[in-house]
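Visitor: I'd like to learn how to read sheets and helix packing in a model. Could you walk me through this one?

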Amino acid sequence: MDFRSYMHIALQEARTAGARGEVPVGAVIVGRDGVVAQAGNRTRELHDPTAHAEVLAIRAACAALGQERLTGHDLYVTLEPCPMCAAAISNARIGRLYYGAADPKSGGVAQGPRVFAHAQCHHVPEVYDGIDAQASEALLKEFFAQRR
């Protein structure tokens, strides 16, 4: 089976989030039949600190499928998930996580608490980093440069 990246959809969600004034992070969940859900950050719009792209995409995918687990599904996200999102990914039983830019400040996968490395983590997805990392980093740098 050939690998097909869906990061371009996550990047579009990130651009859309940035245009709304949100930190430009986008996520897409893919199953055997293609895209199940996609989302961008909406923390400011929804006045909800948990409304990260990953959490919103997980919620939408679970609702669309009528189940609380996403076994066999992949998650593409433009930025390394924070600890909260990493825990949600584990709880949702996502099969594979693909992310773009590393997040040395707030990441929870390869940085900081490394959620998936803890003994208390009941499910560890396969993790692939650096997918379209330059494009993801450029969106974030441009967004924050405009706010300074």
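Guide: Happy to! Let's begin with contact, which means heavy atoms within 4.5 Å. Keep in mind that this is a predicted model.

Visitor: Which residues of helix 3 meet helix 4?

Guide: From helix 3, Glu54, Val55 and Ile58 take part, and they meet Met84, Cys85, Ala88 and Ile89 of helix 4. By class, the residues of this contact divide into six nonpolar, no polar and one charged.

Visitor: At what angle do helix 3 and helix 4 pack?

Guide: Helix 3 (residues 53-65) packs against helix 4 (residues 83-91) at about 25°, and their axes are 9 Å apart. Angles under 35 degrees count as roughly parallel, and therefore helix 3 and helix 4 are roughly parallel to each other.

Visitor: Is their crossing left-handed or right-handed?

Guide: Helix 3 and helix 4 cross in a left-handed way.

Visitor: Now the sheet. What is the order of its strands?

Guide: As a general idea, strands of a sheet pair through backbone hydrogen bonds, either parallel or antiparallel. Here the sheet is open, with five strands in the order 2-1-3-4-5 and mixed pairing. Strand 2 (34-40) and strand 5 (126-129) are the edge strands, each pairing on one side only. On average, neighbouring strands are turned by 15° against each other, direction ignored.

Visitor: How many bridges join strand 4 to strand 5?

Guide: Four bridges join them, and the two strands run parallel. Arginine 96 stands opposite glutamate 126 in strand 5.

Visitor: Which strands does helix 5 lie across?

Guide: Helix 5 (residues 133-147) lies across strand 3 (74-79) and strand 4, running at about 55° to strand 4.

Notes: Residues are numbered from 1 along each chain as its sequence is written. This is a predicted model: local features need pLDDT of at least 70, side-chain atom pairs count only at pLDDT 80 or more; totals for chains, interfaces and linings use all residues. Side-chain values use heavy atoms; hydrogens and water are left out. Two strands pair if DSSP finds at least two bridges between them. Axes are lines fitted to C-alpha atoms, for helices over the stretch in contact, and angles run from 0 to 180 degrees between N-to-C directions. Angles under 35 degrees count as roughly parallel, over 145 as roughly antiparallel, 65 to 115 as roughly perpendicular and the rest as oblique. A crossing is left-handed if the near helix is turned anticlockwise from the far one by less than a right angle, and right-handed if clockwise. Ala, Val, Leu, Ile, Met, Phe, Trp, Tyr, Cys and Pro count as nonpolar, Asp, Glu, Lys and Arg as charged, and the others, Gly among them, as polar.
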